[in-house]
Amino acid sequence: MIYDLTPRPLNPAPQTPAMTWPNGAKSAVFIGFDVDAETAWIGNNPSNVDRMVTTSHGGYDARVGIARIVELMAELAMKATFFTPGWTALAHPEACDRIVAAGHEIGHHGFLHKMPDRDRLEETFEEIDRGFEALQRAFGIRPVGYRAPSGENFPELIAYLAKSGIRYSSSFRDDILPYRHASADGVPGPVEIPVNFAFDDWNFGMSSRSSARPLFGREAVLALWIDEFEATHAWGGVTTLVLHPQVSGRPMRWHLLRDFLRHVQAKGDVWIATGKEIADHFETLERQRRAS
Ligand SMILES: [Zn+2]
């Protein structure tokens, strides 16, 4: 692989002009869960499959995390998007059925959670195809949203996603408003609902022997989340959460997430929406702009 390091915007997607939100809301909140289960531990490190304690971090999803999170969403009367690797859907059909039965959106999150790699195009595209097949088999669903496993992307993958019927992606970190992907020569791609890395619970609440990190408790995390949400709200952006049931489904973190979402709900003029609803809204505004 020869790398093209020519100075240029590495993401050629045009910026979105001002954005309005439905029902006079000042900002939007997109609750996205990544239902990685064991794939977070075996996708990029297959030898972990024989390490039962290591993979048991992810096993928490099916035993406890998913059910607790679905329960929390019901209590708060909120709908979320659950980006589910195909492997998770096939390995844990009962736990995953709860998500679908509760009316949440299922998104694509690869098959085995392999990080997309431009040096391995075949494998990357196969992850997309197998993810679709598994979600079809498990739920009879063909998702329209995609979040990249281990959060990586590149032009060929964006084009492949669009070709496969993916209408929106939620992986990039370069904006506070949704935007439309475009290739360097202007071919439109899916809508991007960018994430805010401050809302990735893995950063604060996951540690393991192989990847030891400091853990942060509610005082640090709740204050950070509220500040970041309030500031994004003031700027009229979208606050995109990157949560994992194996992290935020843990007892203390579940309560912390509940307190944060109650804060958001109490704000009032916030549109809490699924990824698909945000993509639909973005496309409605696009059509209006084109018509005027
Ligand atoms: Zn993931």
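User: Where in the chain does Ser150 lie?

Analyst: This is a predicted model, in which local features need pLDDT of at least 70, side-chain atom pairs count only at pLDDT 80 or more, and totals for chains, interfaces and linings use all residues. Residues are numbered from 1 along each chain as its sequence is written. Helices (DSSP runs of H or I, at least four residues) and strands (runs of E, at least two) are numbered from the N terminus. Ser150 is found in the loop between strand 4 and helix 6.

User: Does Ser150 count as buried, exposed or partly exposed?

Analyst: A residue is buried if 20 or more other C-beta atoms, placed from the backbone, lie within 10 Å of its own, exposed if 12 or fewer, and partly exposed in between. Ser150 has a positive phi near 55 degrees although it is a residue other than glycine. Because Ser150 has 16 C-beta neighbours inside 10 Å, its class is partly exposed.

User: Why does Asn23 count as exposed?

Analyst: Asn23 sits in the segment before strand 1 (27–34). Like a residue already discussed, Asn23 is not a glycine and has a positive phi, here about 55 degrees. Asn23 is exposed because the number of other C-beta atoms within 10 Å is 7.

User: Which residues of helix 6 are buried?

Analyst: Helix 6 covers residues 155–163. Seen down the helix axis, the directions to the C-beta atoms of its buried residues fall within an arc of 100 degrees, so these residues line one face of helix 6. What covers them includes helix 5 (121–139), strand 4 (145–146) and strand 5 (168–169). The buried residues are Leu157, Ile158 and Leu161.

User: How many other C-beta atoms lie within 10 Å of Lys163?

Analyst: Lys163 also belongs to helix 6. Its C-alpha atom is 39 Å from that of Leu222, which is 59 residues apart from it in sequence. Lys163 is exposed because its count of other C-beta atoms within 10 Å is 11.

User: Which residue just after helix 6 takes a positive phi?

Analyst: The place to look is just after helix 6. A phi of about 95 degrees is found there, in Gly165.

User: Which residue in strand 7 is the bridge partner of Ala182?

Analyst: Strands count as paired if DSSP finds at least two bridges between them. Strand 6 and strand 7 have three bridges and run antiparallel. Their hairpin has five residues between the strands, and Gly186 takes a positive phi near 90 degrees. The bridge partner of Ala182 is Pro188.

User: What is the bridge partner of Thr84 in strand 3?

Analyst: Strand 2 (residues 81–84) runs parallel to strand 3, and four bridges join them. Strand 3 (residues 105–108) is covered on both faces, with Glu105 and Gly107 buried on one side and Ile106 and His108 on the other. The partner of Thr84 is His108.

User: Which exposed residues lie on the face of helix 11 turned away from its buried side?

Analyst: The buried residues of helix 11 are Gly275, Ile278, Ala279 and Phe282. They cover an arc of only 100 degrees around the axis, which puts them on the same side of helix 11. The face turned away from that side carries Thr284, Arg287, Gln288 and Ala291.

User: How far apart are the end C-alpha atoms of helix 11?

Analyst: The expected span of a helix is 1.5 Å times one less than its number of residues. Helix 11 (residues 275–291) has 17 residues, so it should span 24 Å. This agrees with the distance between its end C-alpha atoms, 24 Å.

User: What is the radius of gyration of the protein?

Analyst: The radius is taken over C-alpha atoms, and the globule rule is 2.2 Å times the number of residues to the power 0.38. For 292 residues, a compact globule would therefore have a radius near 19 Å. The value for the protein agrees with this: 18 Å.

Definitions and conventions: Contact = placed C-beta atoms within 7 Å.
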